Amino acid sequence: MTWLITGGAGYIGAHVVRAMAAAGERVVVLDDLSTGIRDRIPADVPLIRGSAADRGLLDRTLARHAVTGVVHLAAKKQVGESVEKPLHYYRENVSGLTVLLEAAVAAGVRSFLFSSSAAVYGVPDVDLITEETPCAPINPYGETKLAGEWLVRATGRAHSLSTGCLRYFNVAGAAEPELSDTGVFNVIPMFFDRLTRGEAPRIFGDDYPTPDGTCVRDYIHVADLADAHLAVARRLAEQGGPGDLTVNIGRGEGVSVHELADLVGEVTGHRIKPETEPRRPGDAARAVASAARMSEELGWTARLGVRDMVESAWEGWCLRHPEAVTS
Ligand SMILES: NC(=O)c1ccc[n+]([C@@H]2O[C@H](COP(=O)([O-])OP(=O)(O)OC[C@H]3O[C@@H](n4cnc5c(N)ncnc54)[C@H](O)[C@@H]3O)[C@@H](O)[C@H]2O)c1
């Protein structure tokens, strides 16, 4: 069986490529390198450079590599940008996906695994978010992920594909420093960025109804997330026929922004007291996954903790920002 991994040169995609290749799966990457990095892909994994919405390229690639499964990670993922450019996000994340699904169906692909996000839930007021918690995204990015899930499941039902939608919570860390996230969109790299410049990390709101007043999130190590892809991909391949597995990928444990800031100070040695800014619109007080379905369905649970995430992310950061290293 050969898996086409779209977005395999990205932060998460590169970890998925490594995990699946290391487990003996045959993989081929399709990436336009818009935010991806070629060097993240092992030399023995073929890289096709181009768009995951280019029908001609898809037809040739699926046929040439006899692809039977797709892991679709390629997407635009910045919430703020999606508010400013909704049409761009719908074109890339939804229209592009219809082209990929059409090509997959035409080529006889049997399994399709889709990168979804906790953003599909919006800001539910629940202790643990289960897969049954109603989806009510509050920005175009989350909307495109929910529409993507609908497309994937409907195509699976109509054309007898086994499908999986993985709703990632807050992804962090790196399996190797070279594979770390180069973006500064998530809280951990945002803290690193401020500390490297000698500035106080910013906490947005400390008057939420949480134990220390700051937002609580569920962080998942990207290496665990990659293993979850492997587990779901194998389940879909075994299944071989119609059926969908939509699952949260989190640890089921909440960590507050305050706790995270303390840990970042400890790990980096940059002990600058965070400063508090006003709340940002759209931030839920608490967003923690129920990780029960992944555990019950596949016996899969995350192994790595938040300290592993901060330490490995910091190693990656220091590789690219040597000035950040404290003596
Ligand atoms: N990083 C997170 O915290 C997070 C959380 C939830 C969901 N996700 C989802 O996970 C997936 C991967 O995210 P990431 O953090 O690795 O982002 P990333 O930007 O590092 O990776 C995306 C990859 O897709 C490629 N790409 C983008 N558009 C493409 C296109 N049209 N054709 C071919 N390649 C294209 C980029 O070059 C890049 O290599 C995305 O679908 C994202 O929405 C990420």
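Which residues does Arg 235 touch, not counting residues up to four places away in sequence? Hold that thought for a moment, everyone, and welcome. What we have on the screen is a predicted model, so please keep that in mind as we walk through.

Back to the opening question. Arg 235 touches Leu 245 and Leu 298. You will find Arg 235 in helix H7, which covers residues 222-239. Is Arg 235 buried, exposed or partly exposed? It counts as partly exposed, because it has 18 C-beta neighbours inside 10 Å, while a buried residue needs 20 or more. Here is another thing to look for: Arg 235 and Ser 111 are 124 residues apart along the chain, and their C-alpha atoms are separated by 9.6 Å.

Now let's turn to the sheets. Please find the one made of 7 strands: it is an open sheet, and the order across it is E3-E2-E1-E4-E5-E6-E11. The pairing in this sheet is parallel. At the edges sit strand E3, residues 47-49, and strand E11, residues 243-249, each of which pairs on one side only. Going from one strand to the next, the twist averages 15°.

Let's step across part of that sheet together. Strand E1, residues 2-6, pairs with E4 in the parallel sense over 5 bridges. Within that pairing, Leu 4 has Val 70 of E4 as its bridge partner. Val 70 also stands opposite Phe 112 in E5, and E4 and E5 are joined by 4 bridges and run parallel. As for E4 itself, residues 67-72, the strand is mostly covered, with 5 of its 6 residues buried.

One more step takes us from E5 to E6. These two strands run parallel and are joined by 7 bridges. Two pairs to look for: Leu 113 has Gly 164 in E6 as its bridge partner, and Ser 115 stands opposite Leu 166 in E6.

How many residues of E6 are buried? The count is 7 of the 7, so this strand is largely enclosed by the rest of the structure. You can see this on both of its sides. Ser 162, Gly 164, Leu 166 and Tyr 168 point one way, Thr 163, Cys 165 and Arg 167 point the other way, and all are buried.

There is also an open sheet of 3 strands, in the order E12-E9-E14, and its pairing is mixed. Its edge strands are E12, residues 255-256, and E14, residues 286-287. Strand E9, residues 216-217, is joined to E12 by 2 bridges, and the two run antiparallel. There, Val 216 stands opposite Ser 256 in E12.

Next, the ligand. What surrounds it? The shell has 28 residues, and the closest are Gly 7, Gly 10, Gly 36, Ala 74 and Ala 75. The elements giving two or more residues to this shell are helix H1 (11-22), strand E2 (26-31), helix H4 (86-106) and strand E5 (111-117). Helix H1 supplies the largest share, 3 residues. Sorted by class, the shell holds 12 nonpolar, 12 polar and 4 charged residues.

Let me also show you helix H6, residues 187-196. Its buried residues are Val 187, Ile 188, Phe 191, Phe 192 and Leu 195. Looking down the axis of H6, these buried residues fall within an arc of 140°, so they line one face of the helix. Among the elements that cover them are strand E7 (170-172), helix H8 (257-268) and helix H10 (306-320). Just after H6, Gly 198 takes a positive phi of about 75°.

That brings me to two more backbone angles. Most residues other than glycine have a negative phi. Leu 33 is not a glycine, and yet its phi is positive, about 60°. It lies in the loop between E2 and E3, and it is exposed because it has 12 other C-beta atoms within 10 Å. Ala 66, also not a glycine, has a positive phi of about 45°. Ala 66 lies in the loop between helix H2 (55-64) and E4. With 12 C-beta neighbours inside 10 Å, Ala 66 counts as exposed.

Methods
Residues numbered from 1 in each chain as written. Predicted model: local features only at pLDDT ≥ 70, side-chain atom pairs only at ≥ 80, totals over all residues. Arc of directions from axis to C-beta. Contact = placed C-beta atoms within 7 Å. Near = placed C-beta within 6 Å. Nonpolar A, V, L, I, M, F, W, Y, C, P; charged D, E, K, R; others polar. Pairing = 2+ DSSP bridges. Axes fitted to C-alpha atoms, helices over the stretch in contact; angles between N-to-C directions.
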